[in-house]
Every structure is written in structure tokens, then in C-alpha cells.
Amino acid sequence: MLPSFRNLSIATISKPYILIFPVIMAFSCGKEPKEVDFLSVAAYVVGKEYCNSNEAEDYWIVDCSVAPNTPQLGGAVMVDGTTYVNALKVKELSEHSKIIGARVLFDYRVISPNPVVSENCTVDTPIVYALKELFILNQFELR
């Protein structure tokens, strides 16, 4: 036979929660809120370097002008005849984002202070760009 819930009232059910709530509040009071230790920026994928015979080692070029009022993080570069004024290099771009025009949100802690130029290329006619590198923590596809 199933138990009957007809005799249960709101007061009977809520008594344990009324006792637990002050205990939870006592442990959480006085603690500082967690500070976020990374920054985020939205970007368009605009191109790719061609330096290594293993394309997984090449940089991808992203333009950080998706969102309005994005601070100047990168530099100016011309890719396939189009000039981008807030461009950066990234490695380890996810496979589904390796499409020109894809919009991606990056979480990061570090952007190199100076432009990085790819060296020791293994292809005959390398295409490289002198841009700062963004070191990706997380990445998300924007739609």
C-alpha cells in the first residue's frame, strides 16, 4: 500500500527547510564573492597562416570587432584584400570554428605584449602575419 500524503501540510513539509536555511546562510556570510580571473572577447575568424606542412600547428587570424566598444587588443592586418584593425593570432582553434566568418567567444588570461612572427616555416611559400597572440582558455561558438 502506498503512503498517504493527505495528512501532510505545508508546515510539516517546510519545517526541515526552515531549520536548514539559517545554517546555510551562516556558512556563506562574510565570504568574499569569487573574482573572475579571465577576460572574454568575441571575434570573427578571418584567415589562417600557412607556415607548417602540419596545418594543425598554424595560427588562425581572428578580428575582435564583433561586439561594439571592444577595446583595442590586436593590430591592423590585411588578409585576402580586407583590412582588419583589431586582429590577433590564435592556436588550438576548435575544429568547428575553423571556418572563415565563424563567430567565436574566447576566454583568455594572456595576450602576448608584442607581435609574434612565425619562423622556421616548412612550406615553400609561407603566409605569415606579425600579430599579438591570444592564449585561449575556453572557446564558444557564437550564433
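Among contacts between residues at least 6 apart in sequence, 64% join residues at least 24 apart, where contact means heavy atoms within 4.5 Å. The structure is a predicted model, in which local features need pLDDT of at least 70 and side-chain atom pairs count only at pLDDT 80 or more, while totals for chains, interfaces and linings use all residues. Residues are numbered from 1 along each chain as its sequence is written, and side-chain values use heavy atoms, with hydrogens and water left out.

The protein contains one helix and six strands, arranged along the sequence as α-β-β-β-β-β-β. Here helices (H or I, at least four residues) and strands (E, at least two) are DSSP runs, numbered from the N terminus. Of the 143 residues, 30% are buried; the term buried denotes under 20% relative accessible area, exposed over 50%, and partly exposed the range in between (1.4 Å probe, protein chains only). The accessible surface is about 10,200 Å², and carbon and sulfur atoms account for 60% of this surface. Such areas come from the Shrake-Rupley method with a 1.4 Å probe; for residues, only the protein chains shown count as cover.

**The interior**

In soluble globular proteins, nonpolar side chains tend to be buried together. A nonpolar core is defined as a set of buried Ala, Val, Leu, Ile, Met, Phe, Trp, Tyr and Cys residues joined through side-chain atoms within 4.5 Å. The largest such core in this model has 17 residues, and Val90, Phe106 and Leu134 have the most contacts inside it. Two or more residues come from each of β1 (39-48), β2 (60-63), β4 (82-90), β5 (103-111) and β6 (133-142). Strand β5 gives the most, with four residues. Leaving out residues up to four places away in sequence, Val90 touches Asp58, Tyr59, Trp60, Val62, Phe106, Leu134 and Ile136. A second, separate core has eight residues, including Val46, Ile61, Tyr84 and Leu131.

**Charged pairs**

Side chains of opposite charge can pair when their charged atoms come close. A salt bridge is a side-chain nitrogen of Lys or Arg within 4 Å of a carboxyl oxygen of Asp or Glu. The whole structure holds five salt bridges, among them the following.

| Salt bridge | N to O distance |
|---|---|
| Arg109 and Asp37 | 3.0 Å |
| Lys89 and Glu49 | 2.8 Å |
| Glu141 and Arg143 | 3.9 Å |

Arg109 lies in strand β5 and Asp37 in the loop between α1 (10-28) and β1, so this pair ties together parts that are 72 residues apart in sequence. Arg109 is partly exposed at 48% relative accessibility, and Asp37 is partly exposed at 49%.

Lys89 is buried, with a relative accessible area of 0%, and Glu49 is buried at 0%.

In the pair of Glu141 and Arg143, Glu141 is partly exposed at 41%, whereas Arg143 is exposed at 81%.

**A buried asparagine**

Strand β4 also holds Asn86, which is buried at 4% relative accessibility. A polar atom of the Asn86 side chain lies 3.0 Å from the backbone oxygen of Pro71. Apart from neighbours within four places in sequence, the contacts of Asn86 include Thr70, Pro71, Gln72, Leu73, Gly74 and Gly75, as well as Val62, Asp63 and Cys64.

Terms used: Polar contact = N/O pair within 3.5 Å; in protein donor to acceptor, adjacent residues only side chain to side chain.
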